[in-house]
Amino acid sequence: MIFTKVTQAFMNPRLQLSAQFLALKAKGSVQVSDVLATPKWPEEWPFTAADLARQDESNDGYFYQEPRFCYHVDDRAVAALTDYYAAEFPKMCGADGEKPAVLDLCASHVSHFPKDVAEYTGKRVALGMNKKELEQNTQVDEFVVKDLNEDPTLPFPDNSFDVVTNAVSIDYLSKPLEICKEVARVLKPGGTAMFALSNRCFPTKAVGIWLKTNDLEHVFMVGGYFHYTGMFKPPTAVEVGPNPSWSGGQSQNIAYLSVVRATVDK
């Protein structure tokens, strides 16, 4: 079926989203950077409650109560993300030259920041689920223990940070629109959110639509999370993992990693 603009006008937002996913599949040769270059967003928020439901809806505190002192993606993907932060964080200094303040969401015992991050950033805060993990995170100055699926409100004043990061965890957040609005609120004018995506997850805790879509569609989804807040400039995406290899919209690279980012519009 060919989805024209007229056809899509009679679709509900969820069907319009499905049409965009089919269009991505039909293109064949699409790179991560192409996905958000000229996106056709449904007019309204397209994600349903079923899309954002998870196989395991038990309290996340039970799932994360035992610390996991390990990396959840390939070491080369971790290195690529660290290199990305090393290149981008220094660019985020304020107009007055003040070093950027950084918030890392869904953090653990490591934030994947560069070893010399303290030289070119200011305050660094981690927010995560497990206190024992966060206590071991030497890349930040302070931490907060909070379940964002229970309450998506970020416990920080408006305009607190220049950068908000999220490493391979956006797929676990069941209130992504509310959280991205909160990210926009705590970002300073000109501040940027940087969300890293991989092709690994804990399937029982990932939202349902994540498990039914491919890596390119994940990029489109996360870009949509930013778009539908109405609080960000158009999002962009880049693949940062080494040796890209693709088949049908799915990365074949064990070290796949992309970053979807958006600058707050205020």
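Select Asn166 and show everything around it. Leaving aside its neighbours within four places in sequence, Asn166 is in contact (heavy atoms within 4.5 Å) with Asp104, Leu105, Cys106, Leu173, Met194, Phe195 and Ala196. Asn166 sits in strand β4, residues 161–167. Helices (H or I, at least four residues) and strands (E, at least two) are DSSP runs, numbered from the N terminus. With a relative accessible area of 0%, Asn166 is buried. Buried means under 20% relative accessible area, exposed means over 50%, and partly exposed lies in between, for a 1.4 Å probe and protein chains only.

Before you move on, a word about the model. It is a predicted one, in which local features need pLDDT of at least 70 and side-chain atom pairs count only at pLDDT 80 or more, while totals for chains, interfaces and linings use all residues. Residues are numbered from 1 along each chain as its sequence is written, and side-chain values use heavy atoms, with hydrogens and water left out.

Stay on Asn166 and follow its side chain, which reaches the backbone nitrogen of Ile170 at 3.1 Å. This is a polar contact: a pair of N or O atoms within 3.5 Å, where within protein one must be able to donate a hydrogen and the other to accept it, and residues adjacent in sequence count only if both atoms are side-chain atoms.

**Two backbone angles to look at**

Next, select Cys106, one of the residues that Asn166 touches. Cys106 belongs to strand β1. Its phi is near 60 degrees, a positive value in a residue other than glycine. Cys106 has 25% relative accessibility, so it counts as partly exposed.

Now click on Val168, in the loop between β4 and α7. Val168 is not a glycine either, yet it has a positive phi of about 45 degrees. Is Val168 buried or exposed? It is buried, at a relative accessible area of 16%.

**Into helix α7**

Select residues 176–186, which form helix α7. Nine of its eleven residues are buried, so the helix is largely enclosed by the rest of the structure. Colour the buried ones: Pro176, Leu177, Ile179, Cys180, Glu182, Val183, Ala184, Arg185 and Val186. What covers them? The cover includes β1 (102–107), β4, β5 (187–197) and α9.

Within α7, pick out Arg185. The side chain of Arg185 makes a polar contact with the side chain of Asp158, at 2.8 Å. Besides Asp158, Arg185 touches Leu154, Phe156, Pro157, Asn159, Met231 and Lys266, not counting residues up to four places away in sequence.

Then go to Thr229, in the loop between α9 and β6 (236–239). Thr229 is buried, with a relative accessible area of 9%. Its side chain reaches the backbone oxygen of Phe226 at 2.7 Å, and a polar atom of that side chain lies 3.0 Å from the backbone nitrogen of Met231. Apart from neighbours within four places in sequence, Thr229 is in contact with Leu177, Cys180 and Lys181.

**Where two helices cross**

Show α2 (residues 13–27) together with α9 (residues 215–227). Their axes come within 10 Å and cross at roughly 140 degrees. Axes are lines fitted to C-alpha atoms, for helices over the stretch in contact, and angles run from 0 to 180 degrees between N-to-C directions. The two helices are therefore oblique to each other. Angles under 35 degrees count as roughly parallel, over 145 as roughly antiparallel, 65 to 115 as roughly perpendicular, and the rest as oblique.

Which residues meet here? From α2 come Leu17, Gln20, Phe21, Leu24 and Lys25, and from α9 come Leu216, Glu217, Phe220 and Met221. The residues of this contact divide into six nonpolar, one polar and two charged. Ala, Val, Leu, Ile, Met, Phe, Trp, Tyr, Cys and Pro count as nonpolar, Asp, Glu, Lys and Arg as charged, and the others, Gly among them, as polar.

**Two last stops**

Select Phe89, in the loop between α5 (75–88) and β1. Phe89 is buried, with a relative accessible area of 0%. Its contacts, not counting residues up to four places away in sequence, are Pro100, Val102, Phe113, Val117, Tyr120, Thr121, Val163, Thr165 and Met194.

Finish at Cys201, in the loop between β5 and α8 (208–211). Cys201 is partly exposed, at a relative accessible area of 30%. Leaving aside neighbours within four places in sequence, Cys201 is in contact with Asp171, Tyr172, Ala206 and Leu211. Draw a line from Cys201 to Tyr172: they are 29 residues apart in sequence and 8.5 Å apart in space, C-alpha to C-alpha.
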